[in-house]
Amino acid sequence: MTAAQLLPLIVATPLLGAALLVAAGRRLPRFAAEVMGFVFSAGAAAWAVTLLVLSPSADSRAVEWMGGWRPRDGASVGIVLVGDRVGVGLAALTSVLVVAALAYSWRYFDEPPHRHAGSFPALILLFQAGMCGFVLTGDLFNAFVFFELMGVVAYALTGYRVEEARAVQGALTFGIINSLGGYTTLFGIGLLYAHTGELGLAQIGARLDAHPHAGRPDALVLAAFVLVLTGLLVKAAAVPFHFWLPDAHAVAPTPVCILLSGVIVELGVYGTARVYWTVFAGPGGIPEPSVHRALLTLGVLTALLGAVMCWQQRHLKRLLAFSSVSHTGLFLIGVSVLTPEGLGGTILYVLAHAGVKAALFACAGILLDRFSSVDEHELHGRAHQLPLVGGLFAAGGLALAGLPPFGTGLGKAVSEEAAGWWPTCVFVAASALTGGAVLRASARIFLGWGPRPSGNPETTTGKDEEPETRGPLRRIPDTMLAVPVALMAGALAVGLVPGLWPAVGQAADAFTDHAGYTAAVLGTGEPAPPPVTPAPHWTGVGVALGLLSSVLALALAWTAVRRPATDEPARWAAPLHRLQSGHLGDYVAFTLAGIALLTALVW
Amino acid sequence: MSVLPYLAAGWIFLVGCYGLATSRNLIHAVGCLSVCQSSTYVLLLAVGYRRGGTAPVFADITPGSRPVVDPVVQALALTDVVVGATVTALLLALVIQTAKRHGTVDPDELSELRG
């Protein structure tokens, strides 16, 4: 058995588990159903980790043609799975987070539907299969199918508590906007097929490169690029495609939030990078300056708007959701440099951010269980008997701000160095604001600092949230505490384990190698290996900037806590709040405006 | 190959988006989303069309004896239909639940999530 033959297993294992749970879930007790969920999700995680360890060198790619339909004379009708380090690594990250989410919900979901114990783990397993398939596929249409699979399951999981008014509304907005994005992507795939007659990423890229152009590419190629990217950027929640995300993340059950904020949003960024480098990075694709301009502009807008909105929130889950929006913007800036250095920094940032954000959502879930509220003002001073959760929450705030030696700090430092001086200012500002917002909330909630807030706000508060457990649990289950601790430790490890950094550097080198990918998939010759770039590492400037943004975050939080909370949200931010209207039609209109903006930027 | 089918596909997509943006009823909105999706069927079938081509079923014709339309896009359209049916069913279920919990299916009256 070769390493490549493990690839289908990573996708098939959770699918099989989901099918078994759906078939037998009605007769199984909850305990057995959850154990099954564990076994299958951990199985996929084990396959992914094995494959990572087995791969002989960093720039090798495991290629598996399903059913043995290999390309003959350069033409193929088969479907291919390609596992390079980045893809398999993301599959491993996804699977580990799925296991964490299942562990977290072990004692958590004590509510209906009681009659079918298998439904929640089955949905989570399907979700895992969709995500793993999306990162491993080497075929554009299959990527769309997996994209829709994980989308549909995500809508269902967001609206899992169907008895709640907010949950169904958030899930509906999520579903409609993301499906619209998906169909835009399919439209783009159709155009690419019309132009090249191929569906595989490598094959489309090879056909495009057969007709190199000096200046501006074909209008059809440009249109296809914009349309394919639109769906991926909707998933990544880049401004102005981001409106669905806070609504969905604020209402989803906490274990689902862990997955939504931890990986789904990042998969949108991954898809953007993958499609660009495999299809459009060659001489027949889109010129680098256009892509750089488009991604950088969207990234800066996303980072700043997300950070400002994050600062204005009092609903903890919404606050964390906007912080995810802001950080996606930073990831897009890191990718927009279009070099292995920028991508390597982004990979480290994504890895650590997944741990931190998942841990923060897990802490918010504990607060929701204890106090039936996730409202910063209402919880003021009430959680002082939870020192461990408070410590985790504050540590999460500092990690978001980029404090060394957290992995977020390392990822931020490396991306900043690659991006240049003025995007660096955006990095510092966005991470200080998002970290400061979390620190402000922890100072108020866990330490009771500042005047006690009162007042009747216009925006969404976290007051009347239904607890997700049947009555407060007698004590916080160990699993609910162990999961955020482990995830935060993982985020710390990304910045502390030097062995990881060269592996990430080599993975980024291989990921940005357009010719190498095509040759490996189609089996045509051995192109020159990509030039080796230095591995990501801590630098003096990076540490200083990380400390600067952490100090800024602390200062912001300190200033905010000392002032009366009735001043929040600030009056100057009212127009931004009005944009986030909760109205479906507005969001669709903004999506269309976003397509126009993207076209103008790429043109 | 005429450019008309491509223009028609684009037009159907935009009409669906217009309906979504101005919808006053969530069931209507889900319908509009299906209209958007139908544009991708039209596009895919237009891509695979060959003038004078017949169905790509080789039970009664010799391969190579006459042109056939592209079977790949038909497979894609079929997959697309399955995806669309799943999405529509799920969204309609959520609309029913919205009607129960909010007492309305008018997006203008859903104002729980904002700011």
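The model is predicted.

Start with helix α7(A), residues 201–209. Seven of its nine residues are buried, so the helix is largely enclosed by the rest of the structure. The buried ones are A:Leu201, A:Ala202, A:Gln203, A:Ile204, A:Gly205, A:Leu208 and A:Asp209. What covers them? Strand β1 (62–65) of chain A is part of the cover. Helices α5 (140–158), α6 (165–196), α8 (219–236), α10 (254–280) and α19 (514–522) of chain A are also included.

A salt bridge comes next. The side chains of A:Glu198 and A:Arg207 meet at 3.3 Å, N to O. A:Glu198 has a relative accessibility of 8% and therefore counts as buried. A:Arg207 is partly exposed, with a relative accessible area of 39%.

A further pair is A:Arg161 and A:Glu164. Their side chains form a salt bridge at 2.7 Å, N to O.

Now follow the chain to helices α15 (residues 407–419) and α16 (residues 421–447) of chain A. Two packed helices are described by the angle between their axes and the distance between the axes. Here the angle is about 155 degrees, and the axes lie 8 Å apart. Angles over 145 degrees count as roughly antiparallel. α15(A) and α16(A) are therefore roughly antiparallel to each other. Which residues make the contact? On the α15(A) side they are A:Lys412, A:Ser415, A:Glu416 and A:Ala419. They meet A:Pro423, A:Thr424, A:Phe427, A:Val428 and A:Ser431 in α16(A).

The side chains of A:Arg440 and A:Glu376 meet at 3.0 Å, N to O. This pair links distant parts of the chain, 64 residues apart. A:Arg440 sits in helix α16 of chain A, while A:Glu376 sits in the loop between α13 (340–371) and α14 (387–401) of chain A. A:Arg440 has 0% relative accessibility, so it counts as buried. A:Glu376 also stands at 0% and counts as buried. Shared partners extend the link: salt bridges join A:Glu376, A:Arg440 and A:Arg444 into one network. Over all chains, the count comes to 13 salt bridges.

Turn to the surface. A:Phe31, A:Val35 and A:Val39 form a nonpolar patch there. Together they have about 290 Å² of accessible area. A:Phe31 belongs to helix α2 (residues 30–54) of chain A. Its relative accessible area is 58%, and A:Phe31 is exposed. Another exposed residue is A:Val541, at 60% relative accessible area. A:Val541 lies in helix α20 (residues 540–562) of chain A.

The backbone deserves a last look. Most residues other than glycine have a negative phi, and most peptide bonds are trans. Some spots depart from that pattern. The peptide bond from A:Val239 to A:Pro240 is cis, with omega near 0 degrees. A:Pro240 lies in the loop between α8 and α9 (244–251) of chain A. The bond from A:Pro404 to A:Pro405 is also cis, again with omega near 0 degrees. A:Pro405 is in the loop between α14 and α15 of chain A.

Phi is the other item to check. A:Leu338 is not a glycine, yet its phi is positive, at about 60 degrees. A:Leu338 is placed in the loop between α12 (316–336) and α13 of chain A. At 9% relative accessible area, A:Leu338 is buried. A:Ser372 is not a glycine either, and has a positive phi of about 50 degrees. A:Ser372 is found in the loop between α13 and α14 of chain A. A:Ser372 counts as partly exposed, at 30% relative accessibility.

Technical notes: Residues numbered from 1 in each chain as written. Chains lettered and ligands numbered in written order. Predicted model: local features only at pLDDT ≥ 70, side-chain atom pairs only at ≥ 80, totals over all residues. Heavy atoms only, no water. Buried < 20%, exposed > 50% of the residue type's maximum accessible area, 1.4 Å probe, protein only. Helix = DSSP H or I, 4+ residues; strand = E, 2+ residues; numbered from the N terminus. Contact = heavy atoms within 4.5 Å. Patch = residues over 30% accessible without salt bridge, like charges linked within 9 Å, V, L, I, M, F, W, Y side chains within 5 Å. Areas by Shrake-Rupley, 256 points an atom, 1.4 Å probe, with all protein chains shown as cover. Salt bridge = Lys/Arg side-chain N within 4 Å of Asp/Glu carboxyl O. Axes fitted to C-alpha atoms, helices over the stretch in contact; angles between N-to-C directions. Parallel < 35°, antiparallel > 145°, perpendicular 65-115°, else oblique.
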